[in-house]
Amino acid sequence: MQKEDENIIIRLDNISKIYEMADDVRVKAVDGISLKIKEGEFVAVMGPSGSGKSTAMNMIGSLDIPTHGKIFLDNENIAEFEESELAQLRGKKIGFIFQSFNLVPNLTTKENVMLPMIFQGLDKEERVEKAEELLKKVDLGDRMDHYPNQLSGGQMQRVAIARSLANDPEVILADEPTGNLDTKTGEMVMSFLKKLNSDGKTIIMVTHDPDLAQSHANVVYWLRDGKVEKITRRKNHIHISEKELKVRRG
Amino acid sequence: MIRDSFFLAFKNIRHKGLRSWLTILGIFIGITTVVALISLGNGLKDAVNAQFGISSTEVITIQAGGLNSYGPPGSGSVDPLTLEDLDAIKRLGTVERAVRRNIESGKLEFNDIVGFGFAGSIPDGEDRDFVYDMMELEAEVGRLLKDGDGKKIVLGYNFYAEGDKAGFGKRIYPGDMILLQDENFEVVGITKKQGSFLLDNMVLMNNKPLEELMGYGDNVGLIAVKVKNKDLMEEAKLEIEKTLRKTRDVDEGEENFEVSTPEAALGTVNQVLTGVGIFVGLVAGISIFVGGIGIINTMTTSVLERRKEIGIMKAIGAKNSHIFMMFFVESGLMGLMGGIVGVLFGVTIGYLGISGINNFIGIESQIKLDYMLMSLTLIGSFVIGSLAGIAPAMQAAKQNPVDALRG
């Protein structure tokens with residue numbers, strides 16, 4: 001058990017999130033989820049809308065604190081952190097990729113990528129160098145001084161990927177990363193994520209698309225009504241070709 | 001982190017464009033008013049000084065009191081100053097030099113035009129140099145008076161200026177003859193422009209011929225006193241008052257003479273300027289206050305608009321203090337921008353105002369820029385902006401990242 005825990009990077013221990021609405025109505029968005037995410041895994045959290053996957057994802061990303069249960073990030077209980085300490089920890093250990101890219105509109109591409117490093121207090125030379133390196137890595141070396149509104153969706157999502165890697169986090173948390181992109185651009189983004197995974201990053205992807213989940217992840221958590229309905233694992237990760245994926249999607 | 005906060009804040013302000021400019025309007029108007037008023041006020045003081053001929057700040061002037069409501073200093077007084085008073089003052093320990101001046105009004109005739117003017121006496125010897133020095137007199141053309149000049153006069157600049165400022169139909173040059181009280185005098189020089197109506201229209205002549213012409217005998221129009229040391233000004237004033245009470249046999253509180261230091265002469269002007277200053281300062285204060293409220297308003301709106309951005313930043317590791325500083329500094333920078341624009345406009349208005357006054361009353365006063373005040377104004381405007389930003393910045397910092405991300 002102890003040995004197994006060593007490479008567990010995020011652990012959710014029977015967590016629930018309950019929202020108190022008006023008139024004593026209580027909504028259980030997440031109802032007793034437990035999961036362990038190991039280093040280097042490609043995990044998908046799957047579920048239809050209303051399944052609680054967004055709430056779960058917020059807690060996995062330590063953006064939110066559960067009503068009940070505990071969350072461990074690198075074996076540390078996030079409930080024990082001050083808000084700002086948690087933000088720092090999050091900024092260092094988790095890189096976020098959002099469905100709607102969430103770039104800061106009045107900052108250039110390079111400045112957006114530098115932002116997480118600013119919050120970690122890196123000095124300027126270091127951040128500039130790292131940001132440029134990352135942008136080149138996502139093939140945006142020629143778009144460094146563009147503003148987000150001058151970029152296409154795919155380019156924006158690649159900036160977001162570069163930003164998520166800024167502080168060299170152990171985990172990349174991607175919330176519907178292809179949701180706002182066309183199929184082709186989506187595939188490109190997925191291939192970046194796959195590449196990061198093969199470089200050793202832990203990827204957690206939240207999606208409502210079962211094909212996307214199954215074709216890329218080696219563990220899929222199927223959520224329904226705030227509970228884990230089933231977990232599917234692949235012992236040998238089989239890559240499904242893009243062509244086949246297209247066929248399956250019809 | 002501070003430098004990064006400035007960077008992020010600056011980007012935001014630039015991004016907001018027109019709205020940023022509108023926000024700083026209140027601060028800008030307030031600061032403009034303050035800076036313009038103070039620049040103008042300083043210039044005005046100089047203008048008034050020049051107008052009264054107080055060019056040297058180390059000179060005390062003494063005049064007889066009484067019926068002196070109209071006419072040149074010393075004239076028309078029931079109880080004029082005398083040579084006896086002058087001698088008593090000369091003997092005082094704090095006094096380096098005391099000089100008699102008489103200024104008389106009389107009839108002038110030139111080019112068959114009869115006018116009315118003032119003639120001022122110039123003493124002989126070393127006292128002459130002192131008076132020239134005090135009045136900063138120099139010849140524009142010709143020469144100044146010297147000892148032994150009899151029926152010779154030096155005229156103020158307006159007699160010589162183009163545009164017939166003295167009203168004699170044509171310019172008067174050295175060598176021209178002019179009739180004073182129906183006696184012929186030769187013009188030997190014209191003084192440089194003094195920037196004062198009184199001095200530029202003055203006729204200067206040595207004391208002896210003026211006394212013979214006007215017959216004022218031992219009466220003294222005014223006494224100009226040079227104090228041994230600038231710091232002794234107040235002491236000298238008290239000493240002179242005490243001495244004159246004795247020589248003129250009057251009690252304290254019933255003085256029939258007036259001893260004025262440059263500070264006192266400026267007092268009245270300062271009083272008026274202070275009054276105006278308080279009023280304008282009040283208006284400016286209200287404007288800056290309203291400007292501050294405007295910044296609070298814009299920043300609060302901005303926090304609401306940028307909730308999502310705050311959420312993003314928190315998600316990628318921004319501490320509450322990062323978010324606070326970003327909004328706080330942005331607010332301060334807007335105040336500072338208002339200050340900078342305000343100072344620029346204020347100085348411009350000051351310049352325009354001064355040149356307007358110069359044109360209007362024909363003097364040449366200079367604007368006086370108070371750099372200390374300007375720096376304080378800029379610091380102040382940054383502080384006002386920052387203060388206005390505290391509440392919105394706190395509101396921004398305490399946003400819950402999940403709710404904020406939802407936008």
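Reply: Two residues are in contact if their C-beta atoms, placed from the backbone, lie within 7 Å. The model is predicted: local features need pLDDT of at least 70 and side-chain atom pairs count only at pLDDT 80 or more, while totals for chains, interfaces and linings use all residues. Residues are numbered from 1 along each chain as its sequence is written, and chains are lettered from A and ligands numbered from 1 in the order in which they are written.

Me: How many residues of chain A are in contact with chain B?

Reply: On chain A there are 22, and they are in contact with 19 residues of chain B. Helix 3 (83–93) and helix 4 of chain A each supply at least two residues of the side of chain A that touches chain B; helices (H or I, at least four residues) and strands (E, at least two) are DSSP runs, numbered from the N terminus.

Me: Which helix gives the largest share of that side of chain A?

Reply: Helix 3 of chain A does, with 7 residues. By class, the side of chain A that touches chain B has 9 nonpolar, 8 polar and 5 charged residues. Here Ala, Val, Leu, Ile, Met, Phe, Trp, Tyr, Cys and Pro count as nonpolar, Asp, Glu, Lys and Arg as charged, and the others, Gly among them, as polar.

Me: At what angle do helix 4 and helix 6 of chain A cross?

Reply: They cross at roughly 30°, and their axes come within 8 Å; axes are lines fitted to C-alpha atoms, for helices over the stretch in contact, and angles run from 0 to 180 degrees between N-to-C directions. The two helices are therefore roughly parallel to each other (angles under 35 degrees count as roughly parallel, over 145 as roughly antiparallel, 65 to 115 as roughly perpendicular and the rest as oblique). The crossing of helix 4 of chain A with helix 6 of chain A is right-handed, meaning that the near helix is turned clockwise from the far one by less than a right angle, and anticlockwise for left-handed. Helix 4 of chain A contributes A:Thr109, A:Asn112, A:Val113, A:Leu115 and A:Pro116 to the contact, and helix 6 of chain A contributes A:Val159, A:Ala162 and A:Arg163. These divide into 5 nonpolar, 2 polar and 1 charged.

Me: What about A:Asp168, buried or exposed?

Reply: A:Asp168 is exposed, with 12 other C-beta atoms within 10 Å. Its phi is also positive, near 55°, and A:Asp168 lies in the loop between helix 6 (153–164) and strand 7 (171–175) of chain A.

Me: How many helices and strands does chain B have?

Reply: Chain B has 13 helices and 13 strands. Of its 407 residues, 43% are buried. Among contacts in chain B between residues at least 6 apart in sequence, 81% join residues at least 24 apart.

Me: What is the strand order in the open sheet of 4 strands in chain B?

Reply: The order is 3-12-1-13, with antiparallel pairing; strands pair if DSSP finds at least two bridges between them. Strand 3 (95–101) and strand 13 (257–260) of chain B are the edge strands, and the twist averages 20° from one strand to the next. Strand 1 (residues 59–64) of chain B is joined to strand 13 of chain B by 4 bridges, and B:Thr61 has B:Ser260 of strand 13 as its bridge partner. Helix 5 (residues 126–135) of chain B packs on the sheet, touching strand 1, strand 3 and strand 12 (222–227) of chain B.

Conventions. A residue is buried if 20 or more other C-beta atoms lie within 10 Å of its own, exposed if 12 or fewer, and partly exposed in between; C-beta atoms are placed from the backbone.
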